[in-house]
Amino acid sequence: MTKVVLPELGEGIDKAVVSYWYFKEGEKVNEKDDLVELTTDKATFNLPSPCSGTVSEIIFHEGDTVNVGEALAIIDES
Amino acid sequence: MEFKVFNLGLVDFKRAWEFQREIFQEVKNGLLESGLILCQHYPVITLARTANKKNLLISEEELELRGIQLYEIERGGDITYHGPGQLMVYPIFNLNYLKKDIHLFLRQLESITIALLSDFGIEASRYQGLTGVWVRKEKIVSIGIAIRNWITFHGLSINVKKDDLANFRLIRPCGMDIKMTSLETILSRDIEMDRVKDGLIRIFRDTLSVNLKEEVVV
């Protein structure tokens, strides 16, 4: 199980809003696939999947606010 | 870092959107350090993925009748309008060469356009924590970017010509009741788009300490 964590995005940025999930729970992803799009201020950015596997849990949904360091989803590599 | 300027002229939004993706791939693959695309668009309304469609104040059929295109795109922000009187600025910049800081880059884009407007004798500023650049309470520069792999795309639009502001009445720009202004409206004279472009390239270079590799017409 690998957690997909919101990384550091710059000075003074402590959170972002989930704007779009490219995958649903239960779907297979490859390492580096764009997994989720987030928004901060007037910028969107994508988080790539850190590994290949199945999206076993989406913790934050579209419209939710996530803090830096929090897990957005869990990928099952088995 | 070096950047290459691409002048596209007056093009469909879609053409510039595709061109951005081509340059993005070149930057991602290391063929180019960074690119700056400059162009003007035929009338188009763009919606961010998180935009509220209620901010589009006329029907899609009416838009078609008026020859205004509509696209949903992957930048940040809400809804905006672009037309031939605006200078569109798409920096495809690799922040791995600068600083990996999303808000810093947005503030730098604001600083660049504030300096540009200052060269024209216009005192512009940031306003109440709202991204973009304002002259008093009217907006002159709109910003909405996307970042993938720390490479930026989409960008900003500068209202240059005075005739192009009427279509903003078809939307609530950025989802707010904003009045737009332009260089020509403020200065009450004609402004050459090329003068704005040349000034902008110079200020990009100086503000970000980046070198202009070459400028091409595409």
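Which residue is the bridge partner of L47(B) in β5(B)? The legend to View 1 names it.

This is a predicted model, in which local features need pLDDT of at least 70, side-chain atom pairs count only at pLDDT 80 or more, and totals for chains, interfaces and linings use all residues. Residues are numbered from 1 along each chain as its sequence is written, and chains are lettered from A in the order in which they are written.

**View 1. An open sheet of three strands in chain B, ordered β4-β3-β5 with mixed pairing.** Strands (E, at least two residues) are DSSP runs numbered from the N terminus, as are helices (H or I, at least four); two strands pair if DSSP finds at least two bridges between them. β4 (69-73) and β5 (79-82) are the edge strands, each pairing on one side only. Strand β3 (residues 44-48) pairs with β5(B) in the antiparallel sense over four bridges. I79(B) is the bridge partner of L47(B).

**View 2. Surroundings of I92(B).** Leaving out residues up to four places away in sequence, the contacts of I92(B) include I23(B), F24(B), V27(B), I37(B) and F153(B). A contact means that C-beta atoms, placed from the backbone, lie within 7 Å.

**View 3. The contact between chains A and B, with 15 residues from chain A and 19 residues from chain B.** On the side of chain A that touches chain B, β5(A) gives the most, with four residues.

**View 4. Strand pairing across the two chains.** β5(A) and strand β9 (residues 138-148) of chain B run parallel and are joined by three bridges. Opposite T44(A) stands A146(B), in β9(B).

Technical notes
Two residues are in contact if their C-beta atoms, placed from the backbone, lie within 7 Å.
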